[in-house]
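Visitor: I'd like a quick tour of this model, please. Could you take me through a sheet and a ligand site?

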Amino acid sequence: AAPGKTSEVDVLIVGAGPAGLMAATWFARCGIKARIVDKRGTKIYNGQADGLQCRTLEIFDSFGFADRAWKESNHMIEICLWNPNSEGVLRRSDRIPDTIPGLSRFQQVVLHQGRIERFFLDSLKEHSDIRIERGVMPEKLTFNEEDAEKEDAYPIEVVLQHLSDEEMNPEQSKSTAGAAVSDGLFRSNLAPDDTEELLQQAAAKGRTSSRETVRAKYMIGCDGAHSWTRKQLGFALEGEQTDYIWGVLDIIPITDFPDIRVRCAIHSANSGSIMVIPRENKLVRLYIQMTTTEKGGATVNRSNITPDMILKAANKTLAPYTLSYEYCDWWTAYQIGQRVGSNFSKNERIFLAGDAVHTHSPKAGQGMNVSMQDTYNLCWKISNVLNGVAERSILKTYQSERRRIAQDLIAFDHRFSRLFSGRPAKDVMDETGISMEEFKNAFEKGNLFASGVAVDYGSSLIVAKPGSSAEQGDGTDVEQKSDKLRVIGKQELASNIKLGMRMPSFKVLNQSDARPWHFQEVLRSNGKWRIVIFAGDLSKKEQMDRYKKLGEALAAPTSFLHRFTPAGKPIDSVIEILTIHSGPRTEIELHDFPEIFRPWSKREGWDYWKIYVDAPSYHEGFGEAYKNYGVDAAKGCAVILRPDQYVSWLGNLEDVQEMDHFFSGFMKVRN
Ligand code: FAD
């Protein structure tokens with residue numbers, strides 16, 4: 001018999017780090033019954049990850065809490081590159097903007113992981129009953145593969161062990177509450193994993209009454225680099241470890257180095273490198289290279305590493321400048337290795353995300369971002385399936401889309417960290433040294449990658465691009481339902497709305513009240529698909545006729561909109577239609593728009609938040625959305641967006657049949 005009491009849940013999430021919390025957040029917003037467990041007794045209070053990419057802030061905004069991160073964080077505006085001149089003296093060689101101007105309405109910021117976890121926890125509380133169950137870890141996993149494709153089956157059975165107070169609060173995390181400086185080593189990759197030990201301790205104490213059995217439809221292993229879930233599935237992390245060891249200090253610095261409040265990459269002639277990351281609350285994070293050999297150098301015993309050693313190494317690199325501190329908030333040391341998981345899912349029932357499937361050096365500030373973006377990609381899909389909107393076939397796109405991103409990340413990090421850890425070349429003849437010109441180019445290119453907005457998903461049944469998913473993804477083939485339903489978006493209709501990429505944002509005005517909105521603000525993460533109609537210039541009769549015809553086709557009782565929306569539910573509950581017309585705003589009334597574009601409900605009357613116009617605002621300038629999106633202001637176009645704001649399809653206002661085919665490729669008929 002299954003140990004303890006047995007219960008059922010739609011999704012079980014293991015691990016409440018950034019990846020697990022993002023997963024829980026989606027389920028909270030989509031009304032899914034989920035549980036999230038973590039072996040630790042508390043959230044993180046300081047240290048660890050700190051960088052937030054523009055794309056991550058856009059995602060936070062779609063859940064309504066980017067403002068908190070934006071306000072509390074330190075904003076990264078400029079990067080300075082420092083390296084030796086021809087006499088070997090350290091000097092500033094370049095200044096570049098941190099975030100490429102114009103890329104996003106947000107710029108990269110830094111704020112420690114503990115605060116970010118707090119925003120998630122508050123948002124979960126506000127929107128759901130999902131709470132982190134701490135001191136709980138899985139002990140046994142059974143998967144009934146035969147039931148994997150049965151819609152309503154619970155093919156997963158997990159025995160959960162509830163830990164005692166001592167077990168869930170390991171030594172060092174307890175000692176950090178007082179005066180002692182927080183030491184990140186116990187969570188770092190230089191420390192052994194304690195999962196087995198915790199399970200054995202719990203078992204030895206015979207606390208079998210503290211076990212329970214959970215049956216789940218889906219499970220997500222967000223349990224970090226040592227992932228227990230990954231080990232149960234027998235999946236490997238592939239890649240290599242280098243011997244480069246880096247130290248990290250979070251301090252309030254006392255220094256004569258002039259650029260301590262900007263992000264800096266410092267290469268000394270022979271004494272290693274430093275990355276400076278100015279942080280919130282007067283803190284500065286320093287990443288300091290401790291060893292200068294990639295392979296075969298003296299192995300470093302981690303118990304020998306102290307903040308003093310890291311500080312000494314920093315002073316060697318920074319000379320002739322000096323650095324000291326009175327206050328240290330946190331410190332750690334880690335070894336660089338780049339590895340990616342062989343599989344991201346087992347039968348699209350058990351998934352792995354975050355550090356469980358990719359590890360790399362933290363300097364580029366990617367780990368937390370990419371981890372959250374994994375579950376941001378995955379969990380609307382699981383929610384769509386559980387809510388009966390989509391077929392299970394869309395779940396295959398998680399691996400095809402995210403494993404390729406992980407591979408790109410590992411390749412980027414490999415290049416970047418070797419350029420960073422190497423000694424600068426003395427001149428062009430110095431072949432073993434790193435060319436500073438190459439470093440600067442890599443840094444500038446890296447900035448686009450590191451912003452997160454360059455993500456470009458390949459062709460699949462949810463991205464109507466030419467080519468196949470096997471070519472454009474990680475090799476996973478995501479089959480179309482049938483060739484007849486295959487459509488290809490017309491990229492030429494909007495030069496800056498790229499198929500497979502996230503919808504960019506420009507300001508538009510609400511037709512009804514003239515308030516300016518960044519268009520992305522309207523694209524809330526709530527699990528809905530969207531069709532954005534660029535209606536063009538509706539003051540021209542011919543264009544208004546085209547728009548009205550589209551409205552009639554969408555409103556027809558047999559239209560795909562009705563077929564995919566459950567009877568009795570609001571017409572925008574599965575697919576929401578938004579309009580942006582090109583004006584002029586004052587020559588058209590809301591009631592001139594066909595009703596399907598501003599639906600009516602008995603309780604709330606007309607919906608005033610569906611129709612927008614590209615026009616100058618009273619107080620915030622002119623977004624010039626049509627020009628910036630690259631859409632013809634007279635004729636417009638139609639765009640299908642996924643619930644995560646990635647562009648699925650582009651077409652003309654007449655292409656209703658194509659829209660139908662696109663959605664028919666994976667959506668379930670409800671009506
Ligand atoms: P994690 O944050 O590792 O979360 C995993 C969670 O699962 C933890 O809460 C853990 O307690 C829980 N868990 C693990 N095993 C089990 C189990 N068997 N049962 C139940 N629960 C379990 N990234 C950056 O971007 N910038 C940085 O500066 C940076 N510095 C870092 C410094 C250190 C010391 C470390 C360890 C990581 C650093 N990272 C940094 C990486 C970043 O923290 C991770 O990429 C990010 O946290 C990954 O999120 P995750 O949710 O996948 O995993």
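**Around the sheet**

Guide: Let's start with a pair: strand β23 (residues 529-536) runs parallel to strand β24 (residues 575-581), joined by 7 bridges. Strands here are DSSP E runs of at least two residues, helices are H or I runs of at least four, and both are numbered from the N terminus. Two strands pair if DSSP finds at least two bridges between them. Keep in mind that this is a predicted model, where local features need pLDDT of at least 70, side-chain atom pairs count only at pLDDT 80 or more, and totals for chains, interfaces and linings use all residues. Residues are numbered from 1 along each chain as its sequence is written.

Visitor: Which residue in β24 is the bridge partner of V532?

Guide: Look along the pairing of β23 with β24, which is parallel. The β24 partner of V532 there is L578.

Visitor: Which strands are the edge strands of the open sheet?

Guide: The sheet has 7 strands in the order β22-β21-β27-β24-β23-β28-β29, with mixed pairing. An edge strand pairs on one side only, and that holds for β22 (516-518) and β29.

Visitor: Is β28 mostly covered or mostly uncovered?

Guide: A residue counts as buried if 20 or more other C-beta atoms, placed from the backbone, lie within 10 Å of its own. C637, V639 and L641 point one way and A638 and I640 the other, and all are buried. In a regular strand, side chains alternate between the two faces of the sheet. With 5 of its 5 residues buried, β28 (residues 637-641) is mostly covered.

Visitor: Which residue of β29 is the bridge partner of I640?

Guide: On one side, β28 is joined to β23 by 5 antiparallel bridges, and I533 stands opposite A638. β28 also pairs with β29 (residues 647-651), antiparallel over 4 bridges. In β29, I640 has as its partner W649.

Visitor: Which residue in the hairpin of β28 and β29 takes a positive phi?

Guide: That hairpin has 5 residues between its strands. The one with a positive phi, near 70°, is Q645.

Visitor: How many residues surround the ligand?

Guide: Residues are counted here if their C-beta atom, placed from the backbone, lies within 6 Å of the molecule. The closest are G15, G17, G224, G354 and G367. Elements that each supply at least two shell residues include α1 (18-30) and α10 (367-386). The number surrounding the ligand is 36.

Notes: Buried ≥ 20, exposed ≤ 12 C-beta atoms within 10 Å, placed from the backbone.
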